[in-house]
Amino acid sequence: MQNIPAASDGKHLGFAWGPGDILAYETLYKASGVWSGCSFIHEVRKDEDIYSPILRKLFNESHHIFVGLQTIREDLPSKNKKPQFVSISKNYRSVIRACMEELHLCFVLSQVSILLAIELIWNLCEVLFIDAAPAGSLLLHLLDWVRLHKADVDEKAREVLQSESPAEHHDFWDVVVSYVLQGRLEEARQMLMKQAPLQPAARNMYKLMDTLLSKMPFYNPGGTQTLTEFDVKWRHWHEEVDRCLQDNSFASNQHLELICKILVGDEDTLLDHKELLSTWYHFLVTRLLFCHPTVKPTELHYYAQSCMTMFLDSRSVPEPLDSILLAAFEFDIHQVIKDCSIALNNWWFVAHLTDLLDHCKLLQSHNLHFGSNLREFLLLEYASGLFTHHSLWQLAVDYFDHCPEFGRVYLELQIERVPLDTERKALKVLRICEQRQMSEQVRSICKIMAMRALRNNRLGSALSWSIRAKDAAFATLISERFLQDYCAKGTFSDLDLIDNLGPAMLLSDRLTFLGKYREFHKLYGEKRFREAAKLLLSLMTAKIAPRSFWMTLLTDALPLLEQKEVNIQSTLPLIQVCLSFQEEDIELTKVELLRLALARNLAMAIVKEGTVET
């Protein structure tokens with residue numbers, strides 16, 4: 001909410017979007033209709049997350065991962081690149097989780113829930129698309145996915161085990177059933193061992209349940225057992241569990257009978273425990289575990305759709321997260337990206353996930369109608385958002401660099417909007433432009449900084465920036481200011497810069513004169529009068545000095561005319577310059593002194609050159 005004083009006066013307001021904010025302004029139009037008199041308006045800002053200090057860590061850390069991903073060689077075989085892509089995906093997820101934990105400590109729960117959803121989706125995409133687990137291994141990955149994102153059972157188990165009598169705790173059986181639902185049968189067995197001694201009469205039932213839990217087969221991808229052999233073994237175990245249920249082996253113990261029904265995959269029993277499953281996708285993975293452990297990736301969409309239909313209320317509308325996960329189970333990558341772009345409040349997730357999927361060659365067939373592919377479009381949007389931030393704009397440069405089609409164009413447009421608050425920041429921007437041969441932007445930045453320095457009367461800095469911009473006209477203007485200051489004060493400022501101009505002095509005639517005139521002063525100060533006189537003479541005859549400065553040059557020549565090393569050739573040009581002042585409105589006293597000194601010098605030169613040495 002922003003307070004706009006003009007709004008309270010009933011004035012008509014207009015607005016325009018800027019790079020990151022909105023500009024509200026008063027217009028000439030008259031407001032129509034009934035006016036409430038409220039002076040507050042809602043300000044809509046995009047990419048608000050970049051202003052969160054904790055989420056900035058997410059942007060910084062993920063930037064390093066992104067840059068590393070771009071260095072993976074394209075010519076490597078897919079078999080060799082797949083482990084690298086999986087590792088990079090896990091790195092992204094670890095950064096998400098670290099930020100999530102930090103936000104949790106700061107009680108920023110709204111952003112925690114968003115990051116939870118982001119990690120959930122990313123993890124599933126990693127399993128289905130990046131790792132592309134085959135039948136057998138697929139279920140193991142899905143179990144890990146559910147366990148990671150349904151961690152409340154561990155907190156509840158900790159609370160039960162830390163109580164005085166865990167077996168009598170009111171949440172004991174909820175923990176056991178939750179472990180079974182997640183396929184964590186070893187933990188379930190350990191919990192049941194705490195209950196068995198309390199019921200000696202049911203010892204055989206607990207022993208039988210322990211046997212069933214211990215015998216349940218799990219596929220081992222690294223083992224020698226084939227998927228077919230595993231399937232046969234699992235079916236034998238399933239039939240054994242079913243026989244126990246049919247024989248009413250656990251009829252006298254409702255808790256063990258419940259576990260037995262879960263082991264055979266009884267759908268009604270599973271749906272009766274929605275509060276422990278909490279989500280339809282947990283229900284899906286549990287159902288696959290106890291009914292279809294060798295499910296193929298191509299079959300997932302059928303089970304996912306049916307589980308979501310069974311689990312959710314028929315009258316309720318699926319949440320955006322449900323639709324995204326369902327699209328992932330249907331292997332519709334583009335729908336996942338589209339739905340995430342709509343549902344999430346920034347471009348970070350879709351930009352980085354799409355980039356990774358593109359490197360996995362999973363998005364090659366999808367191009368947009370307006371020229372750029374999906375990966376580049378999302379990266380450009382994300383990087384453009386970063387450019388509105390006072391420090392994150394530097395990260396955006398690398399994202400633009402890795403957008404081959406439109407990245408440079410976007411960078412050229414965005415870099416001009418970076419406020420050059422300090423000279424240090426200007427140098428950063430300049431270095432970026434110079435590294436990318438962005439000559440137009442280099443000149444623009446240098447001109448801006450040169451003009452700012454000139455307004456602050458920092459002539460040295462202004463000259464340095466104008467030289468860097470290779471702006472001859474501006475360098476001439478600043479050189480004139482240096483000469484004016486010299487005439488007024490009798491000394492030069494910023495001597496280090498002028499003394500070290502080097503080849504840069506050739507940028508303009510006036511700058512050349514400034515550098516050479518300073519060189520004349522150095523020679524004169526070192527009492528190298530002959531060289532000083534020669535240089536001063538060349539400055540006069542080359543006519544690169546401004547006419548307003550000629551009198552100063554002639555005045556500088558006066559002491560040199562009294563030196564012994566004189567000749568006619570060095571005097572005549574000075575006389576010609578002096579004669580040119582006849583019609584000028586200048587100080588007559590100085591002109592008379594100059595003429596007198598030149599006449600004496602000429603006479604001495606004639607006498608010296610006409611004398612025959614004996």
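## Lining of the second largest cavity

Helix H5 is the top contributor to the lining of the second largest cavity, giving 3 residues. The model is a predicted one. Two elements each give two or more residues to this lining: H5, spanning 137-149, and helix H10, spanning 227-246.

The lining residues are Gly136, Leu139, Leu140, Leu143, Met216, Pro217, Phe218, Tyr219, Phe230, Trp234, Leu289 and Pro293. Sorted by class, 11 are nonpolar and 1 is polar.

## Cavity count and volume

Rolling a probe the size of a water molecule over the atoms shows where empty space is left. Across the whole structure, the search returns 3 cavities of 30 Å³ or more. The second largest cavity holds about 60 Å³.

## Nonpolar core

The largest nonpolar core has 173 residues. Six members touch the most other members: Leu142, Trp145, Trp280, Phe329, Trp348 and Phe349. Helix H4, residues 109-130, supplies the largest share of this core, with 12 residues.

Take Trp145. Neighbours within four places in sequence are set aside here. Trp145 then contacts Leu120, Asn123, Leu124, Tyr281, Val285, Leu325 and Phe329. Phe329, one of these partners, is also among the core members with the most contacts to other members.

## His63

His63 sits in helix H2, residues 53-70. Its relative accessible area is 8%. Buried means under 20%, so His63 counts as buried.

Which residues does His63 touch, not counting those up to four places away in sequence? They are Leu395, Asp398 and Tyr399.

Conventions:
Residues numbered from 1 in each chain as written. Predicted model: local features only at pLDDT ≥ 70, side-chain atom pairs only at ≥ 80, totals over all residues. Heavy atoms only, no water. 1 Å grid on protein atoms, 1.4 Å probe; cavity = no way out; pocket = protein on both sides within 12 Å on 5 of 7 lines; lining within 4 Å. Points joined across faces, edges and corners; volume = space filled by probe spheres on them. Helix = DSSP H or I, 4+ residues; strand = E, 2+ residues; numbered from the N terminus. Nonpolar A, V, L, I, M, F, W, Y, C, P; charged D, E, K, R; others polar. Core = buried A, V, L, I, M, F, W, Y, C linked by side-chain atoms within 4.5 Å. Buried < 20%, exposed > 50% of the residue type's maximum accessible area, 1.4 Å probe, protein only. Contact = heavy atoms within 4.5 Å.
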